[in-house]
Amino acid sequence: MISHPLDRNNVKKLSQLIETASEVIITCHVKPDGDAVGSSLALCHVLRQLDKNALIITPDTPPRYLRFLPGFKDIFVFTSNKELSQEFLNRADIVFCLDFNSLSRVDQMTDMLASCTAPKVMIDHHIAPEQFCDITISSHEESSTCVLLYKVLCDLGLKPMIDKETAACIATGMMTDTGNLSYNCNDPDIYTVMAELLRCGIDKVKLWENINIKNENQLRLNGFAISQQMKLLCEGKAALITLTREQLDSFNYQKGDTEGLVNIPLQMENVIISVFLHEEPRFIKVSMRSKGDIDVNLICEKNFNGGGHKNAAGGEFHGPMQEAVKKVEKSLEEYLGIVQANV
Ligand code: 5GP
Ligand code: MN
């Protein structure tokens with residue numbers, strides 16, 4: 001038996017909202033990943049089956065490695081047409097906010113989402129959700145928004161609407177947020193839900209293969225990053241990879257090409273924190289991963305205006321790469337000093 005995220009009151013409230021709505025907008029965090037895109041597409045499929053006019057608006061372009069997902073090409077990108085996005089939001093009867101816990105996570109779309117008067121429903125698994133939604137379904141104990149969404153759909157009595165396509169989208173987010181069930185995956189519910197999705201007809205093997213397909217440039221970029229750009233910090237307890245714009249461009253980099261790279265240094269026995277910095281047009285993107293009790297969410301919140309989860313978090317640095325590296329070194333030393341002082 002899987003857990004039930006919705007109490008009776010919320011089932012009623014959400015069921016009524018969905019029943020009376022005809023125009024539904026679904027959005028997720030900027031730089032959407034497999035969980036953000038997977039949960040958005042899954043919910044969109046179910047709502048369309050219920051004859052709702054559902055549309056996904058992502059704050060920026062979703063990564064191309066997810067293009068195999070059913071419905072991917074129908075995703076509307078906010079930055080490609082802001083005026084039309086405003087029109088869609090004006091017409092919405094509900095806005096679903098998936099896989100984010102704070103308005104600022106929709107980046108350039110923040111003001112438009114904040115001023116939208118339609119009822120908002122959050123389904124998310126990040127710590128400490130901001131209260132900007134009319135219904136907040138949030139549990140940081142869930143490994144992905146996708147697994148939480150599956151449970152929400154069950155609580156709403158919509159399980160029969162989960163077809164093979166929807167199941168593939170849900171499974172994708174469950175796999176990408178746990179490294180194909182290799183970390184943050186000790187909750188037995190994950191396997192119960194995955195078994196149900198397999199019964200819907202998904203090919204999990206093929207899905208993971210699709211998620212990981214890389215062209216030569218992508219593979220060489222990831223190899224270069226590890227062999228040439230990785231250094232060890234804090235007496236070998238931390239690893240840092242940096243990639244400048246120039247280096248990224250030399251491999252014809254496109255968004256999402258380094259997905260998963262930050263996890264690799266954790267394969268080293270003594271490494272408990274892995275950091276990846278890469279230059280984006282407006283800032284340096286910070287990505288962190290950790291093992292066990294090491295809380296990179298805290299480090300990213302305090303030093304990089306970011307957040308996430310205990311073992312996977314991110315943030316931003318505004319300034320040159322050398323300064324970003326110094327800040328990473330200082331913040332890791334400080335955090336590990338504190339941890340050591342506490343043991
Ligand atoms: P990634 O390193 O894959 O970009 O992100 C890992 C986790 O941290 C995800 O849950 C993501 O939502 C969160 N995250 C990444 N960047 C940011 C950020 O700039 N701000 C916040 N609040 N969370 C972030
Ligand atoms: Mn997620």
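A polar contact is a pair of N or O atoms within 3.5 Å; within protein, one must be able to donate a hydrogen and the other to accept it, and residues adjacent in sequence count only if both atoms are side-chain atoms. The model is predicted, so local features need pLDDT of at least 70 and side-chain atom pairs count only at pLDDT 80 or more, while totals for chains, interfaces and linings use all residues. Residues are numbered from 1 along each chain as its sequence is written, chains are lettered from A and ligands numbered from 1 in the order in which they are written, and side-chain values use heavy atoms, with hydrogens and water left out.

Now find ligand 1. Gly-307 uses its backbone: an N or O atom there lies 3.2 Å from a nitrogen atom of the ligand. Arg-105 uses its side chain, where an N or O atom is 2.9 Å from a ligand oxygen. His-309 also has a polar side-chain atom 3.2 Å from an oxygen atom of ligand 1. Taken alone, the ligand exposes 490 Å², and the protein buries 86% of that (accessible areas by the Shrake-Rupley method with a 1.4 Å probe; for residues, only the protein chains shown count as cover).

Look at the whole shell next. It has 14 residues around ligand 1, each with a heavy atom within 4 Å of it. Arg-105, His-126, Lys-285, Ser-287 and Arg-289 are the closest. Strands β10 (284–290), β11 (307–308) and β12 (312–317) each supply at least two shell residues (strands are DSSP runs of E, at least two residues; helices are runs of H or I, at least four; both are numbered from the N terminus). β12 gives the most, with four.

Which residues have the most contacts inside the largest nonpolar core? They are Leu-14, Phe-96 and Leu-197, in a core of 55 residues. A core joins buried Ala, Val, Leu, Ile, Met, Phe, Trp, Tyr and Cys residues through side-chain atoms within 4.5 Å. A second, separate core has 24 residues, including Cys-300 and Val-328. In soluble globular proteins, nonpolar side chains tend to be buried together.

Finally, compare two helix residues. Thr-166 lies in α6 (residues 164–176). Lys-206 lies in α8 (residues 204–212). Thr-166 counts as buried because its relative accessible area is 0%, whereas Lys-206 is partly exposed at 39% (buried is under 20%, exposed over 50%, partly exposed in between; 1.4 Å probe, protein chains only).
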